[in-house]
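Dear colleague,

Please find below the structure that I am handing over to you.

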Amino acid sequence: MGENIFNRYLSSEVGPINLPITEKLMSRVQLAINVDNLDEAIVFYSKLFATKPAKSRPGYANFSITDPPLKLVLFENPGDGGSINHLGVEVECVEDVLTTEKRLVDSNLITTGIDETQCCYAEKTETWVNGPDGVRWEWYVKHADSEQFENKILERSASEAECCS
């Protein structure tokens, strides 16, 4: 696929867009947890956050919660319920992912690099890093819905850390 997106970003002279704080785009924390029973979890979290899932598929559901700003993702993994699957930050644009990747690499953290993927029923640009206790963090922007659940990498820049699911 040619030169990867991260290298194209690094070689460009385009800097970050600095918007006044009142016009800043919103990011939100993502919490992806394993649940024993997806149907029960959907009922519970729908009541807890007073909202219905934005997406629900076999073994998977996600909520786009406005208040508090949160992307809640549920993975049905019987016997592993109540544990963290991964954490993340959903951002508004690819530039935010690229900027974060550069910051992490400059801080000597090992990342997956920037990948264009289809995973968890979405097309996205993402990077991953593992915390010191093994908690996986994803920094990503969603481009579109997809019917792909398992991780499928469309374009890879580098890979050293484990990805999702």
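**The loop residue Asp-80**

Apart from its neighbours within four places in sequence, Asp-80 is in contact with Asn-34 and Asp-36. Please note at the outset that this is a predicted model. Asp-80 belongs to the loop between strand E4 and strand E5, the latter spanning 84-90. In sequence, Asp-80 and Asp-36 are 44 residues apart, while their C-alpha atoms are 6.5 Å apart in space. The relative accessible area of Asp-80 is 39%, so this residue counts as partly exposed; the limits for that class are 20% and 50%.

- Ser-56 has Ala-61 in E3 as its bridge partner. The hairpin of E2 and E3 has 2 residues between the strands, and in this hairpin Gly-59 takes a positive phi near 80°.

**Aromatic pairs**

How many aromatic pairs does the structure hold? There are 2 aromatic pairs. In one of them, the ring centres of Phe-44 and Tyr-45 lie 4.9 Å apart and the ring planes stand at 85°, so the pair is edge-to-face. Are Phe-44 and Tyr-45 buried or partly exposed? Phe-44 has a relative accessibility of 46% and therefore counts as partly exposed, whereas Tyr-45, with a relative accessible area of 17%, is buried.

Tyr-60 and Phe-75 form a pair as well: their ring centres are 5.7 Å apart and their planes are at 65°, which means that this pair is also edge-to-face. The pair links distant parts of the chain, with Tyr-60 in strand E3 and Phe-75 in strand E4, 15 residues apart. Tyr-60 is buried, because its relative accessible area is 3%. For Phe-75 the relative accessible area is 3%, and this residue is buried too.

**Charges over rings**

Two further arrangements place a charged side chain over an aromatic ring. The charged end of Arg-103 sits over the ring of Trp-139, at 5.7 Å from the centre of that ring. Lys-124 lies over the face of Tyr-140, and the distance to the ring centre is 5.1 Å.

**Cysteines**

The structure holds 0 disulfides. Are Cys-93 and Cys-119 buried or partly exposed? Cys-93 has a relative accessibility of 27%, and so counts as partly exposed. Cys-119 has a relative accessible area of 0%, and is therefore buried.

With kind regards

Note on methods
Residues are numbered from 1 along each chain as its sequence is written. This is a predicted model: local features need pLDDT of at least 70, side-chain atom pairs count only at pLDDT 80 or more; totals for chains, interfaces and linings use all residues. Side-chain values use heavy atoms; hydrogens and water are left out. A disulfide is a pair of cysteine sulfur atoms within 2.5 Å. Buried means under 20% relative accessible area, exposed over 50%, partly exposed in between (1.4 Å probe, protein chains only). Two strands pair if DSSP finds at least two bridges between them. Helices (H or I, at least four residues) and strands (E, at least two) are DSSP runs, numbered from the N terminus. Contact means heavy atoms within 4.5 Å. Rings of Phe, Tyr and Trp (its six-membered ring) pair if their centres lie within 6.5 Å; planes under 30 degrees apart count as stacked, over 60 as edge-to-face and the rest as tilted. A charge sits over a ring if NZ of Lys or CZ of Arg is within 6 Å of the ring centre and within 35 degrees of the ring normal.
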